[in-house]
Amino acid sequence: MEPGDILYIPPGFPHEGYSLENSLNYSVGYRAPNARELFSGFADYVLQRELGSQRYADPDVPSRDHPADILPTELDRLREMMLGLINQPEHFKQWFGEFITQSRHELDVAPPEPPYQPDEIYDALQQGDTLERLGGLRVLRIDGEVFVNGEKIDSPHRPALDALATHLTLRADHFGDALEDPSFLAMLAALVNSGYWFFGD
């Protein structure tokens, strides 16, 4: 390999490399969540929101040959009760948006001091300043909803939310009329004051 070359090693291929002289090597990996992490994350979501308070009930308990037996039909009812939580589309979408956008490493967040006021952000954007997205910040859309670092961003200004999810660098024209809405400006100020976006040099 020559300086500057990139070597792609597919998943599932063990490898071991040695440098013949002093050099810097960067290894970049992409790891999808496994089933255990997904179940654990969803369980946390259920507990935090106190969902699933319904208790198992079987008013027509069938007879059985042995008093210690748990019948297959009873296991099916238990499984259906548990799957009922996952099969709620709105909760599942909300959980996954929060779960998948949470950073798995510590972000290099530097909240501005003093915090920006919404009108200061408005003036800066109108004067041509740009907002830069923090490196490593996860911003994703699910069914039209935008999630940022584990939180859903609520606003009726869909094009402006799409801009947050699409562009690494944001200008005033990306937000359109949303900048005239005090509630959107307050939300944008909260994101900037959290260190998720910052004004470029």
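This is a predicted model: local features need pLDDT of at least 70, side-chain atom pairs count only at pLDDT 80 or more; totals for chains, interfaces and linings use all residues.
Numbering runs from 1 along each chain as its sequence is written, and side-chain values use heavy atoms, with hydrogens and water left out.

Seven residues from domain 1 and 11 residues from domain 2 make the contact (heavy atoms within 4.5 Å).

**Interface.** I got about 790 Å² buried between domain 1 and domain 2, with 61% of it on carbon and sulfur atoms; buried area here is the accessible area (1.4 Å probe) that two parts lose on being put together, summed over both.

Then I checked for charge pairing. The rule (side-chain nitrogen of Lys or Arg within 4 Å of a carboxyl oxygen of Asp or Glu) finds one salt bridge across the interface. I also noted K93 in a salt bridge with D143, their closest N and O atoms 3.3 Å apart.

**Pockets.** I used a 1 Å grid over the protein atoms alone, a pocket being an open set of points where a 1.4 Å probe fits, with protein on both sides within 12 Å along at least five of seven lines; lining residues have an atom within 4 Å of a point. Volume is the space filled by probe spheres set on the points, which are joined across faces, edges and corners.

The largest pocket comes out at about 1300 Å³. Its lining has 28 residues, with M1, D5, L7, N25 and Y26 nearest the centre.

The second largest pocket is about 410 Å³. I found 20 lining residues there, and F42, V46, M82, L85 and I86 lie nearest its centre.
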